[in-house]
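Q: I would like to learn how to read a model of this kind with some care. Could we go through it together, one feature at a time?

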Amino acid sequence: MDGHCQESSGKFMECLHSQGLKTGSIYFPGGRAKYQGEEVNKKLVEPPVFNYSNETNWRQNIDTVIEWFTVDNLDFIALYFGEPDSSGHKYGPESTQRKNMIKQVDRTVGYLRQRIQESGLEPNLNLIITSDHGMETVIKTNEILIRTINNFTFKDIDFELLDYGPNGLLVPKEGKLEHVYSVLKNAHPKLHVYKKEEFPKRFHYANHPRITPLVLYSDPGYVIHGRFKVQFNKGEHGFDNEAMNMKTIFRAVGPAFKKGLVVEPFESVNVYALLCELLGITPEPHDGSLEVTKPMLREPEDTGSGGDNEPEDNGSGGEHREKWWDWE
Ligand SMILES: [Zn+2]
């Protein structure tokens, strides 16, 4: 990485720390990272093998968050839940298991909001709930298996990154690029093969130094298998981000936000600038813009007391509920 603070790299907390804010992280991906030698003030890092779905553990983590805010006076805490990602992969997005997990997530959001209220943090704390992707059901017929494609051989390949869902990265051997490209190009109706420079610009892969000369991606539902089938997930993500099932949620509530506002869908890359604005720090160079989320924020003179604190909703997917935090 290049040393910029990016929330996607998990370095955001360390960056805040370096700008004088007290930060915490619970199970957030990248929580082990150091930024310019500095760590977050407080963190819990999950062990390598960890059950992400334990509801009691989720509530304990919420209690820890409340304690860090009220006793240790932290300014920012990132709290991560590995669900409904795990159950979505394992059982598929339409499964009962995943639907039950959504209910568990919903109860947990309710618990979080209840604890924020009880602890007196509500007038000062801005809460953002979001994730990094949706989930698509994996189609198990007419699968893409690269090894079986006519005239394709792994002997022509120097480096491969396959079996990670709908994306594939290939470095053909010296002089083999055109050949590999032509044998893969129209090999499967759901498989798209591009030379790096021809990859659709909207994916931000074309010409990127970390992207390989050949890039593969598949249509929603189809995953790319390499030498053997080693990937048996029933749900997957990483498909075209224009597909509705890849879209995620964004909800925000707190003193900085207008109430009951529903906004148009926006790209998550813009969340970073919003976090910086809320925390009053200077963003590092980034690809998003505050302009996208600014309409959600209250004007400084608008104190907006009272009301029933409706959260914002960017309407980008999921079942909409009148009061999404209600729980029994
Ligand atoms: Zn996942």
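Q: How many of the 328 residues of the protein chain, as a percentage, count as buried?

A: A residue is called buried if 20 or more other C-beta atoms, placed from the backbone, lie within 10 Å of its own, exposed if 12 or fewer do, and partly exposed in between. By that rule 27% of the 328 residues of the protein chain count as buried. This is a predicted model, in which local features need pLDDT of at least 70 and side-chain atom pairs count only at pLDDT 80 or more, while totals for chains, interfaces and linings use all residues. Residues are numbered from 1 along each chain as its sequence is written.

Q: Where in the protein chain is confidence lowest, and where is it highest?

A: pLDDT is the predictor's confidence in each residue, from 0 to 100, and helices (H or I, at least four residues) and strands (E, at least two) are DSSP runs, numbered from the N terminus. Confidence is lowest in helix 1 (residues 12–18), with a mean of 67, and highest in strand 5 (residues 136–137), at 98. The protein chain averages 86.

Q: Which residues are joined by a cis peptide bond?

A: The bond joins glutamate 83 and proline 84, with omega about 10°; proline 84 lies in the loop between strand 3 (76–79) and helix 3 (85–91).

Q: Is asparagine 73 buried or exposed?

A: Asparagine 73 counts as exposed, because it has 9 C-beta neighbours inside 10 Å. Although not a glycine, asparagine 73 has a positive phi of about 60°, and its place is in the loop between helix 2 (55–70) and strand 3.
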